Structures are given as C-alpha cells and as structure tokens.
Amino acid sequence: ARKCWWFTLTDLDPAMEYMYQYCVGYADKPGEEPVRVSDPYSEVIYHSSDAKNLGDVYPNLPSYPTQTDGMVSAFKLQRDNFNWQHSWVNIPGDEGRFRIEDKNDLIIYELLIRDFTEKRNLEGVMEKMDYLQNLGINAIELMPVQEFDNRHSWGYDPNSYFALDKDYGTREMYKKFIDECHRRGIAVLFDVV
C-alpha cells in the first residue's frame, strides 16, 4: 500500500535559510541509497559543486549539507527587502509601473550572460550598460537564467524553473541589473523554456 506523509515544521527562524530535499523512494536493491530530489518549485537550489565553482559571484554561499548529494532546495520565510530605485517610470495614463512607451516598437538585444563578457556574470553585464544603451535598444532579452544541470549551457535544459542560476550572481544582483535597465528605459524580458 502506498502511503503519504505530512510533516509540519514549527519554531522556524523567519530570517534563516533552510535547505531540504524530498526522499521519494528507495532504490530497488537492498543497501542502495534512497532517491532524493529537490523541490521543483524551489526558488533557490544548491549543488554540491557550488563552493568550488561560484567563487566571488555568489558571496556568503552557505555550506552544502554533508549527509546528502545532488540538488538541494532552500527557502526562507522572510524575503530579503530590495529597495527598487528605478522601476517606477511615470508615463501619462500609466503612473506607478515601468512600461516601454510603445511595446510594438521594441529593439531587443538577446543576451546570454555567460558569453557576453569575460566575467561571465551579471556584474560584467552591468559594466557594459553604457555600450548596450548606446546601441539604441529598449529591451534586453536574457537567454534562460533558470538553474540547469551542468555549468555550460544556453539554459534550455532547466531543472528548476523558479530558481535563478547562481553562476550569474545572487538574487539581489538580478534585481540590481533590472533596476539599472529600468533607469535607462530598457525593459528586461526573460527567454523561458
């Protein structure tokens, strides 16, 4: 008979990030490790290889749990605040939110963060914002930025649709990038698979 379990966590610190995996079953052969998977709806995913690969791109990277392997999900009850500076552009009749003046007149620059600069991350893209703006674009379409299974991909093989790829930077860095684009009147589009 199949069984379902429900476990309620209590006394969680709202500001602390917690890591977890689902144990969806055991391998068929005795002595084999259980099958563990990350939460497909997780907004943060960690890999055992993150510590050696992310360097300065993702500061304050938490330690990967020693008692498991594979992808590990993470969550915080209290989201970090971000002080948006430039997301609100006042366009007559549409005050209060960023909007391109004419969505039928987009000049889109499709950008793969990994290959755009030598830094291969959002910091490198931010350093090239004058260049992008001088091209006359009014939209940047980011090729997929969701977590994927390997380190060298165009992102069309995502494993976590809601988790941003840490190779490009932190969640805060993504927000800073979008904020800077909006300051310059540039929309940000996501190429989603």
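**Reading the cavities, pockets, rings and cores**

Me: How many cavities of 30 Å³ or more are there?
Reply: The count comes to 1 cavity of 30 Å³ or more. A cavity here is a set of points on a 1 Å grid over the protein atoms alone where a 1.4 Å probe fits but cannot get out, while a pocket is an open set with protein on both sides within 12 Å along at least five of seven lines; a lining residue has an atom within 4 Å of a point. The model is predicted: local features need pLDDT of at least 70 and side-chain atom pairs pLDDT 80 or more, while totals for chains, interfaces and linings use all residues. Residues are numbered from 1 along each chain as its sequence is written, and side-chain values use heavy atoms, without hydrogens and water.

Me: What is the volume of the largest cavity, and which residues line it?
Reply: The volume is about 60 Å³, taken as the space filled by probe spheres set on grid points joined across faces, edges and corners. The lining consists of E43, V44, Y58, L164, D165, K166, G169, T170, R171 and Y174.

Me: How does the lining of the largest cavity divide?
Reply: It divides into 4 nonpolar, 2 polar and 4 charged residues.

Me: What makes up the lining of the largest pocket?
Reply: This pocket has a volume of about 720 Å³. Of its 27 lining residues, Y58, D80, T170, R171 and E172 are the closest to its centre. The division is 11 nonpolar, 6 polar and 10 charged. Helix α5 gives the most, 4 residues; helices (H or I, at least four residues) and strands (E, at least two) are DSSP runs numbered from the N terminus.

Me: How does the lining of the second largest pocket divide?
Reply: Its residues are 10 nonpolar, 2 polar and no charged. About 530 Å³ of space lies in this pocket, and strand β2 (residues 22-26) supplies the largest share of the lining, 4 residues. Among the lining residues are W5, W6, F7, Y20, Y22 and F75.

Me: Why is the pair of Y20 and Y22 called edge-to-face?
Reply: Rings of Phe, Tyr and Trp (its six-membered ring) pair if their centres lie within 6.5 Å, and planes under 30 degrees apart are stacked, over 60 edge-to-face and the rest tilted. Y20 and Y22 have 5.7 Å centre to centre and 75° between the planes, so the pair is edge-to-face. Ring pairs link Y18, Y20, Y22 and F75 into a cluster.

Me: Why is the pair of F116 and Y131 called tilted?
Reply: The planes are at 40°, so the pair falls between the two angle limits, with centres 6.5 Å apart. F116 lies in helix α2 (residues 113-116) and Y131 in helix α4 (residues 129-134), so the pair ties together parts 15 residues apart in sequence. F116, at 19%, is buried, whereas Y131, at 44%, is partly exposed.

Me: What makes a set of residues a nonpolar core?
Reply: The set must be buried Ala, Val, Leu, Ile, Met, Phe, Trp, Tyr and Cys residues joined through side-chain atoms within 4.5 Å. The largest such core has 21 residues, and L111, I113, L132, I140, L142 and F177 have the most contacts inside it. Its largest share, 5 residues, comes from α5. A second, separate core of 7 residues includes V44, L54, Y58 and V72.

Methods. Buried < 20%, exposed > 50% of the residue type's maximum accessible area, 1.4 Å probe, protein only. Nonpolar A, V, L, I, M, F, W, Y, C, P; charged D, E, K, R; others polar.
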